[in-house]
Amino acid sequence: MSAEMANEIKLISGRSHPDLSEKIAKRLGIEVARTISLNYSNQETSFTVGESVRDEDVFVMQSTATGDVNEGLMELLIIISACRTASARRITAVIPNFPYARQDKKDKSRAPISARLVANMLQTAGANHIVTVDLHASQIQGFFSVPVDNLYAEPSFLRYIRENFTAEDCVIVSPDAGGAKRATSIADHLNTAFALIHKERPRPNVVGRMVLVGNVVDKIAILVDDMADTCGTLVKAAAVLKENGAKSVLALVTHGILSGNAIETLNGSVLEALVVTNTVPLGDKVERCPKLRVIDISPTIAEAIRRTHNGESVSYLFTHAPV
Amino acid sequence: MVRNIVVLGGNSHPSLVESVCGALGLPPCNRILGKFSSGESRCEIQDSVRGKDVYIIQTGFGGNGARLNDHFMDLCIMISACKTGSARRVTAVLPLFPYSRQPDLPYKKSGAPLFKASSEDSKKDYTFDSVPPTPGPGMPKSAGLAGLAGLANGTDITNRLLKMSVTNGNESAAKLPNGNAKTDGDGFPFTNGTNGVNGSRELTPPTPKPASYTTHDYVNLSLVSSFQAKPGYKQWVAQAGTLVANLMTCAGADHVITMDLHDPQVQGFFDVPVDNLYGRPLLQQYIQRNIPNYKDAVIISPDAGGAKRATAIADSMQIDFALIHKERRPTRITDRQNASMILVGNVSDRVCILIDDIVDTGNTITRAAKLLKKEGATKIYALLTHGVFSDDAVSRINASALDKVVVTNSVPQAEHKARLGAKLDVLDIAPIFAEAIRRVHHGESISVLFNQN
């Protein structure tokens, strides 16, 4: 109690994903800091600090919820800025699903690179360190001039597959060319076959024709991706895999954003199960979708926080999932 | 027709964008601005902005299906998109500046703070369990010394001090060993409502909302009133003004145009030029044209903070001035007791003109109107630059003693106008902003806009 008093972990939770914050706090054996954030009647966000953060190692947990990204982001920025004003020693933003991660390039004239804007905003607010999980493109780390720890859900997925299936029965499938690297990495670790679906995408949120490259006959096809948004891609990919003779199809996705009618789409699909981590608050979606399974990612994040605080290496977590 | 200039509108106030563009004689920039289904803002600017002077109009007001923070993020994204699209200069035009006004701590009508004081706070002793401990009576100077002193003679100075102030010493002694402050097991009940993200808006408080909260009515009062800071720590509310300024600069804004900042000091938060336009000429014009015998009226400032704003108008029009002083001191005020509002000046049998910069929940002006009626005012006008009318402001004003409320269209007023009817008059600020944009673009002085023309 004496020496470490001077600089402790302070975990501050935004409103978006209190459940995950609580799990992380429990894992770390601490309590979430006493703060309260709310909206005034004029919709401005207000954040009240109820305990000292002076010279503490502050971790701000905020995982922007589907449909309320800007609200969560502004809250996060206000919290970070408040902690900086309150003389925190270091402020780490823990953002399991990085908002605007998909807007990371200027794919059209005058399209904003919003991911870079978010990176700049976080630094402007006063974040000294970022912890996130499975960035859509790891190049986003380069938008920051502060350290970014990009954790992987892959070890958790590997464990899930090993616990539930025998590797020989499975084929790891990437639903698009961009995710091939992610999927091959899992296939290599499991020593299983790999397949890829090539798709044409005429417009965002619209899925075109799909072609399967590889053999999935009489296998359990496991689709691997980093985020499931409207689930159009996944569901179409699952149908293609079924047509090509897969025994069953399931999907392992890090961020279950599940916006729009994703739940209805999933319920009506040939997908056997969609396994997501709890980086994104899921609300009542688990109840509404019997196919949805959730892997708890909080041990990985908590361990990353502990290691960051103690100045230990985080790279162990890239290959191992803490039990 | 102005060349090489692009006016880009956000979603917060389309009608103002239209009239500003109309006044400048150019079409608004084509853009797609919406949301992806995931909730992320989507922005595409369809006209070229390369080498152009871009003005982005977005007001700090939630509405049109989006919320204030959405609009603010949209603004930052648009600024950033223009910057990456090689715009020569990007100017953010914010008729109402968001987060320019946040109270230190929310307070009740009575003046008592909304948050309960921490129960252990009343002891007024030390603040934290710190190591080395805070020195005090009954506490050894250091562990080593205390041991020595205790061995040498029993009546050392600390013991004598302890006897002199027994009660005080006992309390502090009881507080200092570790563990005491952490005995409360429920350190986590606040940020984790089961209500999800939108909880703040959608959660209906278990108790009916008392009508006695001012300035910024909280929607989830139950959360707030159950909040307790750590013992010995005084909770405080984050002020987002600087942050908002920094975020806009970091997005790439080269210039900011706004109107009637609640605190003119906000200008100092920016590293870029900020032009703070005044709604005053408009308001003065209204007084001259629409209030009969305005020379005999009295200008009233509903609180001391706005006195300067009101006296400026009173002075330049040579009208009498009065002030309402709000007692906000939380000196043993029971909840039921109202904060005393004191009128300084004479209003009996006269027309009163309340002047303020913003009407939010409408509490201040409606209560001021009540007081003025009591003091014998014949007719009460309220002239305000920004009419936010959040919460149940509209019904509050409808039920109040106010005869006329005059606001500018710095935020969309169509809905408010429909609900307030003839009680509300809306002044158009589009010409002022159009002229400011034109002058900034041509590098002319805009100080002429500050004076009444």
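Let me begin with a definition: a residue is called buried if 20 or more other C-beta atoms lie within 10 Å of its own, exposed if 12 or fewer, and partly exposed in between, with C-beta atoms placed from the backbone. The model is predicted, so that local features need pLDDT of at least 70 and side-chain atom pairs count only at pLDDT 80 or more, while totals for chains, interfaces and linings use all residues. Residues are numbered from 1 along each chain as its sequence is written, and chains are lettered from A and ligands numbered from 1 in the order in which they are written.

I turn to strand β13 of chain B, residues 379-387, where eight of the nine residues are buried. Strands (E, at least two residues) and helices (H or I, at least four) are DSSP runs numbered from the N terminus. Strands pair if DSSP finds at least two bridges between them. β13(B) runs parallel to β12(B), residues 351-359, and eight bridges join them; Cys352(B) has Ile380(B) as its bridge partner.

Elsewhere in chain B, five strands form an open, parallel sheet in the order β1-β4-β5-β7-β8. β1(B) and β8(B) stand at the edges with a single partner strand each, so one side of each lacks a neighbour in the sheet.
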